[in-house]
Amino acid sequence: MRLQDMLPFWKSLTKEQKNKLLASCREVNYKKGDVLHAGSNDCSGLFVVRGGQLRSYIISEGGKEITLYRLFERDICIFSASCIMKNISFDIFVEAEKDTQVYLIPSSIYSEVQKESLAVSEYTNELLSSRMSDLMWVMEQVLFMSFDKRLAIFLLEQSAIEGKDTFKMTQEMMARHLGSAREVVSRMLKYFADEGLVEVSRGSVTLLDRKKLEKLAY
């Protein structure tokens, strides 16, 4: 898929701006587990996802990770170019959950085009607002929701991402997504299994009673 097919504001750009983006961007491939962006001091540029899956997360002072959102094909990672945004003082990390292909637009080039184009500026603000809403939703879950509710939401979301009721994921990885400990996840999954909501096997989970999980989650 071409870069111009993935940028919503492309038709609003001038010929010079289009050429500037095309000339500067490059295709980069990442393996599952690779870290693409490591905090606010890392400002490599804007990632436009061509294929694969990325995870954006933060790390607490105690070293626990918590997932903010995922990025899929055609999604754009704005926080990887955090140096072009004012008042972003927290560290966000981005890693590949699957083998992933991206277009990388250098921060300096994107910043130039953003300053020249109202359409790009408006799109950037909308995207930033959307990502901040994702962050606030995660914080709301952590601060105000019980862990059984949070885990139910996560299992349903993961099932939707995979497109099936059975998906592979270790309890350690679930804990990383939820900012919790593996032991806490293990105990809650056992409770869910005892209640007939899920079936747990080594490295995978099967949703058995989606309606009860949805009732618990929402």
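Exposed means over 50% relative accessible area, buried means under 20%, and partly exposed sits in between. I wrote that down before anything else, and I also noted that this is a predicted model.

**Entry 1: a nonpolar patch**
I looked up Leu-143 and found it in helix α3, which covers residues 118–144. Is Leu-143 buried or exposed? Leu-143 comes out at 64% relative accessibility, so it counts as exposed. Val-142, Leu-143 and Phe-144 make a nonpolar surface patch of about 350 Å².

**Entry 2: a positive patch**
Which residues form the positive surface patch? I got four lysines: Lys-32, Lys-98, Lys-164 and Lys-168. I picked Lys-98 to follow up. Lys-98 is in a loop, with β7 (93–96) on one side and β8 (100–105) on the other. Its relative accessibility is 38%, so I put Lys-98 down as partly exposed.

**Entry 3: a threonine and its contacts**
My last stop was Thr-67, which belongs to strand β5, residues 65–71. What does the side chain of Thr-67 make a polar contact with? I found the side chain of Arg-55 at 2.8 Å. I also found the side chain of His-177, at 2.5 Å.

**Recap for myself**

Notes
Residues are numbered from 1 along each chain as its sequence is written. This is a predicted model: local features need pLDDT of at least 70, side-chain atom pairs count only at pLDDT 80 or more; totals for chains, interfaces and linings use all residues. Side-chain values use heavy atoms; hydrogens and water are left out. Patches are made of residues with over 30% relative accessible area and no salt bridge: like charges are joined within 9 Å, nonpolar side chains (Val, Leu, Ile, Met, Phe, Trp, Tyr) within 5 Å. Accessible areas come from the Shrake-Rupley method with a 1.4 Å probe; for residues, only the protein chains shown count as cover. A salt bridge is a side-chain nitrogen of Lys or Arg within 4 Å of a carboxyl oxygen of Asp or Glu. Lys and Arg count as positive and Asp and Glu as negative; His and the chain ends are not counted. The place of a charge is taken as NZ of Lys, CZ of Arg, CG of Asp or CD of Glu. Helices (H or I, at least four residues) and strands (E, at least two) are DSSP runs, numbered from the N terminus. Buried means under 20% relative accessible area, exposed over 50%, partly exposed in between (1.4 Å probe, protein chains only). A polar contact is a pair of N or O atoms within 3.5 Å; within protein, one must be able to donate a hydrogen and the other to accept it, and residues adjacent in sequence count only if both atoms are side-chain atoms.
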